[in-house]
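The structure is shown first, and the description follows.

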Amino acid sequence: MGYKDDVKIVRTGAWSGGPGCHGGCGVELHIKDGKLIKVEGDESHPFMQGRLCPRALALTQYAYHPNRLQRPLKRVGARGEGKWAEISWEEALDEVEYNMNKIRKEYGPEAMVFGQGTGRDAGGSLIFLAYAYGSPNWTLFGLSGISCFTPRLAGMHMVCGDIVFEDAAQFSPLRYDDPDFVVPELMIVWARGMRGSQCADHYFTSHWVIDLMKRGTKIICIDPRMSWTATRSEKWLRPRPGTDGALALGFLHVIINEGLYDKEFVEKWCHGFDELKKRVQEYPPERVEEITWVPKEDIVQVARMYAKAKPASIRFGQPLDCNANSIGTMQALNALWAITGNLDVPGGNVIARPPYGVTIYPYSTHEVVQLYGQEFVDNMNKRRIGADKFPLVKNFRSWALSDSVIEQMETGNPYPIKGLYLYTNNFLACTAQDPKRHYEAVRKLDFNVVADIFMTPTAQAIADIVLPGTTFAEKDSVFTTGIPLNAIRKHIQVGECRSHWDVAFELAKRFNPSSVPWNNLNELFTERIGNSGLTYDELSKKVWELAPKDHPSGTCGYRRHEKGLLRPDGKPGFRTPTGKVELYSTSLESYGLDPLPSHMEPVESPVSTPEIYKEYPLILITGRRMPTMFHSEHRQVPWLRQFENEPIVELHPDTAAELGLNDGQWVWIEGTMGRCKRKLKITPVVHPKTAMAPHGWWLPETEGAAPSFYSTFEINVNNLIPMGKNGTAGYGGAPIKTMLCKIYPLSEGDTIPTENTKMNQLDFTDSYDIVNAQEA
Amino acid sequence: MSKRAMLIDVYYCTGCHSCEVACQQENGYEAKQFGILVTEHILNKKNGLTIDYVPYMTDLCNFCAARVADGGKPSCVKHCQARCITYGTLEEVMEEAKNCKKPMIFVK
Ligand code: SF4
Ligand code: SF4
Ligand code: SF4
């Protein structure tokens, strides 16, 4: 901490809505008279080394936005009517306690579902609250197949026994200067943008790719969209959406049949190579070309380039989660880095564990058990929704499966669901496929709580109680789910907003005092980070910490599998049942799933549904990230909304010309499930056979009450996307990259959602009525 | 005194918008008021399309005089995620430009 004139400057970790964080940034907060006046990067922090994303740089506009929720609200009209009364925290928590206790008493704790949106410290505090209350039903609410990262995590765990990330010396405080680090000769950037995917998955932030490029790394880009990365790469492959598994198997076919793999590593450290070799024979380049639209010469060339470059790494993105067989896709990717000898080596794909193995937001079954104990977890599994039907849901990471939650809300089988507690989840505008179906299911529940930072379409539509949450600058928390280990400390207060850890701690005490043996959060955090040997206050002074090289969670040093650092029994090898990289996964086999990688056609595609393709001749890709707005956040913040201020759909100029459509005109996107309105942007970067429409859109400057809910149903691309199409494993398969659609102009009389709003004055303030409780 | 200059390696600019927001925050500019403005150029070259993001210092840019006088870096330079902006004397950045793939220099 320091002072400059009368401005206090403090260093802290960032992890919250506001920036949108999934990375482990450190920032400097500039505070004057208790008010945040500026946010800067922290040059002494190894994650971004002083750089910062636009969202963190806009934090003052976010934190002090006139429409932030600042006091708890209680619904006073009918659900969705948009009438709210401000109440005190005491009253709000009493309401929550009373209603949730009532549900627990009448129907059992599993009748309450606890849903988060995207990670950050939502996950840790929410599973903590759910388990204290006694419900096993902690979920990423709305997202079909939990298709964001969990499928990739599961695939990596099944094959390698750990999470695996591309190496940028991120585990060393010296970063690129660490003598053990080797700059990769080649990096495949697979289904991952540059501008929008900053820090999206905890262990890597996209601009490190540029750091590596400047140090000599050559790039291969795999993306249907001509991304920035595509234009800077040696070779760019443009597969049909949803066929990544086949492409990876095509690479394996070439590498194995041409003998380009690392024979010593395969012999010593891989299990099931012969079975894999047999399986890949089904994917010769000719057939893979047919499936993926990628010319076979390119498949062969890239396979050879990857196999021959030493070291080489693969960076991979969320679209791989969206095939119903995403696990099969990930098995193939894991096989690629393993058999080429690029696993657990400098500059390759390295095993990524949180520093000192501490956890607060579990990313694997190991971590859930570490936090809550085997017996408790086993008990929870008996009633956890989806665990009975889907083997991976049962055996990996302890989510309730959101698709099954909705079905169960509708049917009451095998037991009724009566309430929903959401923290930073805006399913109506963002997470949920088939949002209408979700809305109908949730609005019938007895009691719904939404804790969030702004009033959202979701809170307007379904909440009975709304709790105002915080940005990282306003809370005490700890970041363990990536690197480095960061302390986040509260430095400002906005209104009466309270951090979710604070709220969860208080509610947990009320629901189950024995689950809260700590006097305060400080003690809880100290226990959680115990393995680091630091107390929470000590970590706070240092702000961040990384584990030493010889620690199982310290990476530089590398080749930990040879040194016996990865397995709990201390033997050399990987943390899998056979101790080897399981090219043939014995775990998946024991769950009754395919132990080998394979490709599966999307639910709708030119191949699987040629009849539908005739009427709906475009492949709809949604979910691409935007540089300044993360998921459904930031639509109110002028500095962030100024760049992409309307909900668009992108079409190739040839496609638009064929359809007789003009740039800037409003259109309908329609599929077999439904339709939504978007403004057309014509750009040559999209594939002529695809339409791209970013997700998460709502218009806070429009009417918040029913039926508009900030225009969300009108512009929500999820109207076109079904839920419940996840595959046999359970995880993966929200078909957000592969549904078929057609595009046509608005008819006469159709209104334009952004017309007559205050948008042109960049006034994105929203409307919700605060009614005096007495009046109501 | 030698002239001050801003060197941008356009090849590495990703259009992430950090510099623009950093500048707005630093100077208290409103949305759509830019000290640095990044525009997207999709160009049809002989060997296919390419995308360039081109940052441009506008008249609202003061080269962060106060920060620099204080010993700091201009805010856009510090926060640029691609580390593609360099600040210095004209002589310094001319030298540095030799290492750039697509250098562009603003002088004040
Ligand atoms: S770069 Fe990522 S981790 Fe850093 S402040 Fe921005 S969103 Fe948060
Ligand atoms: S030097 Fe300062 S004033 Fe100029 S563009 Fe950069 S941040 Fe803005
Ligand atoms: S911050 Fe750097 S990379 Fe990002 S838009 Fe500005 S100049 Fe380009």
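## Aromatic contacts

In this predicted model, Arg175(A) lies over the face of Tyr176(A), at a distance of 4.8 Å from the ring centre. A contact of this kind also involves chain B: the charged end of Arg232(A) sits over the ring of Tyr11(B), 4.7 Å from the centre of that ring.

Pairs between rings form the next topic. Over all chains, a search of the whole structure finds 37 aromatic pairs. One of them joins Trp190(A) and Phe251(A); because their planes stand at 75 degrees, with the ring centres 5.8 Å apart, this pair is edge-to-face. Trp190(A) belongs to strand β10 (residues 186-190) of chain A and Phe251(A) to helix α8 (residues 244-257) of chain A, so the pair ties together parts that lie 61 residues apart in sequence. Trp190(A) is buried, its relative accessible area being 0%. Phe251(A) also counts as buried, at 2% relative accessibility.

Another pair consists of Phe316(A) and Trp337(A), which is tilted because the planes are at 35 degrees, with centres 5.5 Å apart. Here strand β14 (residues 312-316) of chain A holds Phe316(A) and helix α13 (residues 326-339) of chain A holds Trp337(A), so the pair ties together parts 21 residues apart in sequence. Both Phe316(A) and Trp337(A) are buried.

| Pair | Centre distance | Plane angle | Type |
|---|---|---|---|
| Trp190(A) and Phe251(A) | 5.8 Å | 75 degrees | edge-to-face |
| Phe316(A) and Trp337(A) | 5.5 Å | 35 degrees | tilted |

Phe316(A) and Trp337(A) also belong to a cluster linked by ring pairs, whose members include Trp138(A), Phe149(A), Tyr203(A) and Trp399(A).

Conventions: Residues numbered from 1 in each chain as written. Chains lettered and ligands numbered in written order. Predicted model: local features only at pLDDT ≥ 70, side-chain atom pairs only at ≥ 80, totals over all residues. Heavy atoms only, no water. Phe/Tyr/Trp six-rings, centres within 6.5 Å; stacked < 30°, edge-to-face > 60°. Helix = DSSP H or I, 4+ residues; strand = E, 2+ residues; numbered from the N terminus. Buried < 20%, exposed > 50% of the residue type's maximum accessible area, 1.4 Å probe, protein only. Lys NZ or Arg CZ within 6 Å of the ring centre and 35° of its normal.
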